[in-house]
Amino acid sequence: MKALESDAPLIVYVDIKSPYAFAAIRPTLALEKSLGMRFDWRPLTLDIPSYLGSARKKEGKVVESTRSTSQWSWVKYAYRDARRYAERQRFMLKGTEKIWDSSIPNIGILWVMQTARDRLGDYFEAVYPPFWRRELDIEDMAVVEACLEKAGIDSSGFAEFARGEGRAEHDKLQPQLHPSGIYGVPTYVIDGTILFGREHLPYVRWHLQGREGPAPDIAYEIDDHEAQPC
């Protein structure tokens with residue numbers, strides 16, 4: 001798997017622990033469905049401490065932190081921004097109390113893409129909303145297996161995949177991303193062009209529909225169809 005190459009018309013990079021990706025899932029799935037296409041969904045497991053420092057909270061209070069004042073300002077704004085758009089989709093988005101290792105549920109994306117592609121939206125519904133309600137320990141293999149089953153996906157063999165082939169595929173992809181210009185989620189790769197943020201979805205739609213007429217401006221609009229579970 002190469003970072004910018006795919007047989008699909010669009011590559012979509014997401015991370016379960018990203019609030020921005022959370023707010024982008026339903027609109028992106030809705031776009032995929034409305035165009036009758038199959039996007040190539042992939043994991044980007046963010047290394048948040050490398051650029052935003054690390055922190056841990058307990059009962060809402062910070063008990064450990066290496067973040068500067070400016071890093072805290074960025075983090076707080078990011079949550080306010082993502083929460084605005086998550087709540088428009090009637091999601092609850094609570095700030096996390098630690099920086100999670102999201103590699104297991106992200107490897108779950110690879111598993112679903114290989115074994116039950118049509119259930120990908122169900123998997124996201126089983127993982128994203130409860131995680132952002134602070135109901136899931138996504139570092140627990142059994143929890144991710146339960147999410148797969150809840151989504152109607154056979155989890156038999158997933159643990160072995162997550163420790164073996166899937167882990168290797170995930171780990172081989174991650175170091176390719178930053179050198180390729182992919183640094184956050186959601187990121188859309190279309191004909192080699194990299195677009196960061198769900199506000200680019202109108203442009204992505206325009207491009208995938210043949211680039212007729214002037215290109216649309218970026219937008220955050222959500223229509224009734226996008227707000228429905230996929």
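User: Where does the model come from, and how are things counted?
Analyst: This is a predicted model, so local features need pLDDT of at least 70 and side-chain atom pairs count only at pLDDT 80 or more, while totals for chains, interfaces and linings use all residues. Residues are numbered from 1 along each chain as its sequence is written, and side-chain values use heavy atoms, with hydrogens and water left out.

User: How many helices and strands are there?
Analyst: The protein chain has 9 helices and 6 strands. Those are DSSP runs numbered from the N terminus: helices are H or I with at least four residues, strands are E with at least two. The radius of gyration is 17 Å, close to the 17 Å from the globule rule for 230 residues, so the chain is as compact as a globular protein of that length. That radius is taken over C-alpha atoms, and the rule is 2.2 Å times the number of residues to the power 0.38.

User: What box do the C-alpha atoms fill?
Analyst: Roughly 55 × 40 × 35 Å, taken along the principal axes.

User: OK, surface and charges. What are the totals?
Analyst: The accessible surface is about 11300 Å², and 49% of that belongs to carbon and sulfur atoms. Areas come from the Shrake-Rupley method with a 1.4 Å probe; for residues, only the protein chains shown count as cover. As for charges, there are 30 positive and 34 negative side chains, with the centres of the two sets 6 Å apart. Lys and Arg count as positive, Asp and Glu as negative, and His and the chain ends are not counted. Each charge is placed at NZ of Lys, CZ of Arg, CG of Asp or CD of Glu.

User: Switching to aromatics. How many pairs?
Analyst: The count comes to 13 aromatic pairs. The rule is that rings of Phe, Tyr and Trp (its six-membered ring) pair if their centres lie within 6.5 Å; planes under 30 degrees apart are stacked, over 60 edge-to-face, and the rest tilted. One of them is Phe22 with Tyr128, which is stacked at 5.7 Å centre to centre with 5° between the planes.

User: Where do those two sit?
Analyst: Phe22 is in helix H1 (residues 19–35) and Tyr128 in helix H5 (residues 120–132), so the pair ties together parts that are 106 residues apart in sequence. Phe22 and Tyr128 are both buried.

User: What about Tyr203 and Trp206?
Analyst: Their ring centres are 5.3 Å apart and the planes sit at 45°, so that pair is tilted. Tyr203 and Trp206 both lie in helix H9 (residues 201–208), 3 residues apart, about one turn of the helix. Tyr203 is partly exposed at 23% relative accessible area, whereas Trp206 is buried at 13%.

User: Which residues form the aromatic cluster?
Analyst: Phe22, Trp41, Tyr79, Phe91, Trp100, Tyr123, Phe124, Tyr128, Phe131 and Trp132 form one cluster.

User: Last one: His200, buried or exposed?
Analyst: His200 is buried, with a relative accessible area of 18%. The residue is in the loop between E6 and H9. Leaving aside neighbours within four places in sequence, His200 is in contact with Leu195 and Ile218.

Definitions and conventions: Buried < 20%, exposed > 50% of the residue type's maximum accessible area, 1.4 Å probe, protein only. Contact = heavy atoms within 4.5 Å.
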